[in-house]
Amino acid sequence: MAEGEGPIIELRQRKKPKSSENKESAKEEKINDTPVPERAPKHVLFQRFAKIFIGCLAAVTSGMMYALYLSAYHERKFWFSNRQELEREITFQGASAIYYSYYKDMLKAPSFERGVYELTHNNKTISLKTINAVQQMSLYPELIASVLYQATGSHEIIEPVYFYIGIVFGLQGIYVTALFVTSWLMSGTWLAGMLTVAWFIINRVDTTRIEYSIPLRENWALPYFACQVAALTGYLKSNLNTYGERFCYLMMSASTYTFMMMWEYSHYLLFLQAISLFLLDSFSLEQSDKVHEVYRIYIFSLFLGYLLQFENSALLVSPLLSLVVALMLAKCLQLNVKKGTFVAKIMKVINFYLVCTLTVTLNIIMKMFVPHKENGHMLKFLEVKFGLNMTKNFTMNWLLCQESLQTPSQDFFLRLTQSSLLPFYILVLIICFLSMMQVIFRRMNGKSLKETVTLEDGQIGERPEIIYHVIHTILLGSLAMVIEGLKYLWTPYVCMLAAFGVCSPELWMTLFKWLRLRTVHPVLLALILSMAVPTIIGLSLWKEFFPRLMTELTELQEFYDPDTVELMTWIKRQAPVAAVFAGSPQLMGAIKLCTGWMVTSLPLYNDDDLLKRNENIYQIYSKRSAEDIYKILTSYKANYLIVEDAICNEVGTMRGCRVKDLLDIANGHVVCEEGDKLTYSKYGRFCHEVKINYSPYVNYFTRVYWNRSYFVYKINTVISFQS
């Protein structure tokens, strides 16, 4: 009976077809009616194979060479091979020290299961606080690295630190390879990939933070996002065969989930990508089914990540989940009407409004019913950043003073211009954007478009992958113009888009069609320029920047910090194992890594409690009494206090951004009126006063060690306080 019902159902569907189904049926009939093309000649197949082989070889070689370059540069900068283990560990600064310390802890654990348990129930890092370090700090890279190090028998061949940084450098090579492939897929020539890599390396100060902080989460995560973007680019192409679609879909699924596991902020970047795909879906109806397949990947990754990240509620209340669910609901409610009519235009507006409203509503509902930690400090920071609010809060003002959270400087744009990247990016973006808008207006007016766009058509904005990348780079660029730290998300794709454009004959043909070029055959000129322009750019970059890169590898730099080495050595030799140290968060991260002793705070800024701790501990540089400082430190069970001379006598930073200035403002010890500062605190600055060794400071603190940079005080046991 089921076999007999099949044709009947098919006939009923064809009797009253929907517009989209009618279109798909027409396409299928056209494909079926089209005769099977003859097999290409052998020399053509050989040319295609040679082109793909050379391109893949160039992509892999580029990634390997970049990874080797990073390794050589790191060795020259820090003299890693000639240093003791303690000196190597000191090169990990800030949050990087914390990440690497947990990698060391995993290697010291008797078993993997025991190591994971100790990290998920960690009470040996922060005093009076038990944390799930794996969830809170996204330590999955360290878990994977420790497993690989022990499972592959690398402990017999290579030291743990070299294995760790080698993985990160290898991922950076994959990052570059993925950008190469993306540009190659878009332009059709691997020459674009070579130019992408060249621009990426030359502008690496603005494309990556790998040189400054190796273990950062973004250095582990962004290579997977680049792979996801490469797979998405191939998946969106109109002329992709079935096997290619399946491969891109699987690659996209794996890289999306891995990216989400590696970085706690990954879902925000995927949210921007989802917005880009939503706009693509609105403008390019042919890709609607593919876009919704990507939405399913998002949902699968979010829920799988929720389960494997210890039921991470941040993923459930993320704007990404709300947007994707809203898009799917809107898809179910969408009506099929004839394109180009007034009703169709009204339906587009209604659908857009419906998606926005549903997204906000769902996000509010999820936050009402799902227990989660609200990032209140981030919302307050954005309010102050955009001038919507004023505050004297130390943490907010300290964040505002961070260079990575400032607006981009002129030097940033100057560097991009000197390497010729910014001018070509702007040219390519303008041409692609105008072509995209031209296509959108044609579709809004109901004009039919060609199913296959040829080079002679000069309509580069009709390709769905181009529309996606234009929207995506505009969104990322808008954020980078507000917060400089986000330039590391935007600039790599600036390199990719600019290289694709100058190497794409379609882009030049689009420009010539607008200019109505008559004197020379436009197709021939477009092909010539797509080869000549990148060649000239490449030669000029080689001549100007290659000698600089070689000079960096030949120069011997030195990271010399004997005071910190002496401090760590003293702690390991003299301090009790159960001692708790208090000081600046950055120094506490180094102490945790180099000695393993417990600390009162960490250089992490995603937890309100840790931010409050950091502010309280920083009071040692404020104008408060010895009794107040003592009460703060003993409330966290601290046994030793470390005062840094560099913070206490800080000079030369941005006006009003020194730690002691921010503390004075927060504590009301400095009043700013028409540019005049009036100090009225009856206490001197604690970090200065405690060095003098007079009462009441000596009653609470006893100096036990000092050098040129650090002063260590033992916190005394005091029975009563004297006013």
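**View 1. Strands S3 and S7 side by side.** In this predicted model, S3 (residues 640-644) and S7 run antiparallel and share five bridges. Two strands count as paired here if DSSP finds at least two bridges between them. Look for isoleucine 642, which sits across from valine 712 in S7. Strands (E, at least two residues) and helices (H or I, at least four) are DSSP runs, numbered from the N terminus.

**View 2. The S6–S7 hairpin.** S6 (residues 701-706) also pairs with S7 in the antiparallel sense, again through five bridges. Three residues lie between S6 and S7 in this hairpin. Arginine 703 has tyrosine 713 of S7 as its bridge partner. S7 itself (residues 710-715) is mostly covered, with five of its six residues buried. Buried means under 20% relative accessible area, exposed over 50%, and partly exposed in between (1.4 Å probe, protein chains only).

**View 3. Helix H28.** H28 spans residues 585-594, and nine of its ten residues are buried, so the helix is largely enclosed by the rest of the structure. Among the buried ones are Pro585, Met588, Lys592 and Cys594. After the helix comes glycine 596, with a positive phi near 85°.

**View 4. Confidence along the chain.** The mean pLDDT (the predictor's confidence in each residue, from 0 to 100) is 86 for the protein, and 88% of residues reach 70 or more. Residues 26-37 fall below 50, and beyond near neighbours in sequence this stretch has three contacts in the model (heavy atoms within 4.5 Å).

**Notes.** Numbering starts from 1 along each chain as its sequence is written, and side-chain values use heavy atoms, leaving out hydrogens and water. Local features need pLDDT of at least 70 and side-chain atom pairs count only at 80 or more, while totals for chains, interfaces and linings use all residues.
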